[in-house]
Amino acid sequence: MLIPINFLLSLICLLLLIKRWQAGWVWRILLLLCLVHSLNAGISTLLNSGVWHKLQPITGAMLPIACLLALMEQQGKPLRYGVSALPVLLMVAVVIGLPQAIDVLMPVIWLTCAGLMLFSLKAGSDALPMVMLERSTLTVKTWRWLAIVLISVALLDVIVSLLVNVAGGAGVELLLFCGNLLVCAVLSLPLVLAPSHHAVPECESESKPVVPGQPETGDLDILLCIERLMQDGLYRRADLNLALLARKAGIPARRVSAAINALRQQSVSQYVNGWRITEACERLRGEDSTIIEIMEEVGFQTKSNFNREFRRVCGTTPTEWRKSPSEQTELTR
């Protein structure tokens, strides 16, 4: 059952690699690695060849590292190639000279990469400045799910090794089946996350560290600058993200995010959506346009996100708001 799944994933990876070639070389490497790993898994199972089995731990070690690099690229962070290559070189040395250590090194690499991914996503939607605000929350959740799957694969690998060494392999077949399904999930999630084009950072981050939630000198001026852009209707752009907002303001992205967080106690996406919802409320009461038309014109692209944000800000749905009495409670962005 798993052989056709691996070959099917290989085909999907190949097609997506061709379709999303412009996503950037980091994503090309990740998708190519997914292609090679899934193809190798199918061939090694089919042929039961020692050569293919030796290649599997190497591509298996590269896979979580490539996921981590892809996340860093989407965050606009500098990529540390030398540090990333060390675990792979170590795995190559282990495969050649000390194969019994593979079962120890592999989960260490996967757990380390997953932990670094979860740590880098702690800022929530603001952790992905290169992703438009409409999709940032969904993307953060997907990246977190990928990190959790990496952890699950690593823990399952440890359990299998213990069963083989202690219990003589009892129950290993079922766990290997579950492990292969999880690896398929690891291969599938990057296909969802891969952008359709290469995201280029639009502004430089300051070298001075910024403490989230703590006002810094000049934060008020930064917020006033951002609010002038909002008053000019920038929030209506569906492709608005933190990097674009920072570029329009001429201010480093980290300072924009920190100022909004410190003075408004909101993430950038919540702040921008607050402006969108405020205009939507006024138009729902003041004109006969459909809810979908208003939703799209204020900057939202999906009805589910619009309804969720509307309920967060107003405590009710757009339809209920339009039908309710005209006395409105004051909205805070």
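Good morning. The model before you is predicted, so local features need pLDDT of at least 70, side-chain atom pairs count only at pLDDT 80 or more, and totals for chains, interfaces and linings use all residues. Residues are numbered from 1 along each chain as its sequence is written, and side-chain values use heavy atoms, with hydrogens and water left out.

I begin with a helix pair. The axes of helix H5 (residues 102-120) and helix H6 (residues 133-166) come within 9 Å and cross at roughly 160°. H5 and H6 are therefore roughly antiparallel to each other. The contact (heavy atoms within 4.5 Å) involves residues including Trp-110 and Met-117 of H5 and Trp-143 and Leu-150 of H6. By class, this contact of H5 with H6 has 15 nonpolar, one polar and three charged residues; Ala, Val, Leu, Ile, Met, Phe, Trp, Tyr, Cys and Pro count as nonpolar, Asp, Glu, Lys and Arg as charged, and the others, Gly among them, as polar.

I turn now to the interior. A nonpolar core is a set of buried Ala, Val, Leu, Ile, Met, Phe, Trp, Tyr and Cys residues joined through side-chain atoms within 4.5 Å, where buried means under 20% relative accessible area (1.4 Å probe, protein chains only). The largest such core has 52 residues, and Met-91, Trp-110, Met-117 and Trp-143 have the most contacts inside it. Helix H3 (50-74) is among the contributing elements, and H3 gives the most, with eleven residues. A second, separate core of 24 residues includes Ile-222 and Val-268.

Notes. Axes fitted to C-alpha atoms, helices over the stretch in contact; angles between N-to-C directions. Helix = DSSP H or I, 4+ residues; strand = E, 2+ residues; numbered from the N terminus. Parallel < 35°, antiparallel > 145°, perpendicular 65-115°, else oblique. Buried < 20%, exposed > 50% of the residue type's maximum accessible area, 1.4 Å probe, protein only.
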